[in-house]
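Biologist: Could you take a close look at one part for me? I'd like to hear about the salt bridges.

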Amino acid sequence: PPASQNNEQGSTLRDLLTTTAGKLRLGSTDAGIAFAPVYSTGTASGKSGRTMPNILDDIIASVVENKIPPNRAPKMNVKSEIKEEPKDDKNCIQDDCSKRYSDIQYSWICDKHVLWLRDHKNSNNWKLFKECWKQGRPVLVSGMHKKMNFSLWKAESISLDFGNQQADILNCKDSIISNTNVKEFWDGFEDVSKRQKVKNGETALLKLKDWPSGEDFKAMMPARYEDLLKSLPLPEYCSPEGKLNLASHLPGFFVRPDLGPRLCSAYGVAATKDHDIGTTNLHIEVSDVVNILVYVGIARGNGVLSKSGVLKKLEEEDLDDLLRKRLKDSSELPGALWHIYAGKDADKIREFLQKIAKEQGLEVLPEHDPIRDQSWYVNKKLRQRLFEEYGVKTCTVIQFLGDAIILPAGALHQV
């Protein structure tokens, strides 16, 4: 503030709080969050006791009563009353959880960055999820397909029911979008010979662009919509009516993002020559996301990797030991490869991609954001450089049939 205001009568908010520091006694909530309640040592009846009056009124009253100049704020030794926070939050949450949640089947994967809930039926899962979610970490829940009507989600079933619909189809390699008949996409889903060819004769890597989505999904596929809703993991958080789903309880005048659901369907890269492309480029969602892998098609035809070839390709990734173990389990069916980054690394990744674009002779316009534009799939070589040059490590997750991946808003990911 101007010098004329920097006096006892014109205190800043900082001064207001520091001058009352001597009156505040540190405490903690059940959640372990430090706060500073103001206690009164008298009651209306005159008996000695301790009550919690209006904090703001008490602060103002103490400032008026004591008239402590801002530059003479009392010193208070609070070391004895504050428990020192653990240095490593990651280890702290794991050690603590192993004791408190011994009835939940779970593991930590991706260098202990991702929580894996192995029993989707456990009604206490949400309690452990809450601890992990506070720290903004992704969560994997397996076995969700066991709760679903599997016949509804087969490629031929969807094609039979909705093959006459028109939709936007994206050629993932060339980013060319066309409006075409949905049946063409589904006919080639598992039969490579029926897939579109691009100019050089290669098989196109196609993706149905969020078809259907939101209210269209509910109206077009009511049976599948109901099947999905009853099968959501952690319904306390993920269900539209979940008691801890904030979006469900906001007043109607809030403008919500499209919370879906939406169906994301794409061919795998196993049938393409170029395995350095993805079906979903690196991007950020504005809301928390739960993605359930409801069906995995086995492609057949010339040039397609065999199942053993696909597994070998996945084993070349930087995988957690538990994920490698799942790959060797014949009852598990891998379907999608995810690379996930923490939101705090967004600026470093953005700077890195702009640097790579310049190296490749691409025009880098100031108004273009490589993450917002979803213009990059970060291949293995670039992921290694990202780690070596910027210290950003990739969290690699294989999504198997029935796996639900839950991502906090702001987490970067590609598939």
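Is glutamate 131 buried or exposed, going by its relative accessibility?

Modeller: Glutamate 131 is buried, at 13% relative accessibility; buried means under 20% relative accessible area, exposed over 50%, and partly exposed in between, with a 1.4 Å probe and protein chains only. A quick word on the ground rules: this is a predicted model, where local features need pLDDT of at least 70, side-chain atom pairs count only at pLDDT 80 or more, and totals for chains, interfaces and linings use all residues. Residues are numbered from 1 along each chain as its sequence is written, and side-chain values use heavy atoms, with hydrogens and water left out.

Now, the partner. Glutamate 131 meets arginine 100 in a salt bridge at 3.6 Å, N to O; the term takes a side-chain nitrogen of Lys or Arg within 4 Å of a carboxyl oxygen of Asp or Glu. This pair links distant parts of the chain, 31 residues apart, with arginine 100 in helix H3 (residues 89-100) and glutamate 131 in helix H4 (residues 125-133); helices are DSSP runs of H or I, at least four residues, numbered from the N terminus. Arginine 100 itself is partly exposed at 43%.

There are 20 salt bridges in the structure. Another one joins arginine 385 to glutamate 359, with the closest N and O atoms 2.9 Å apart. Here helix H14 (residues 380-390) supplies the arginine and helix H13 (residues 346-359) the glutamate, 26 residues apart. Shared partners tie Lys355, Glu359, Arg385 and Glu389 into one network of salt bridges. Glutamate 359 is partly exposed, at 47% relative accessibility.

Definitions and conventions:
Helix = DSSP H or I, 4+ residues; strand = E, 2+ residues; numbered from the N terminus.
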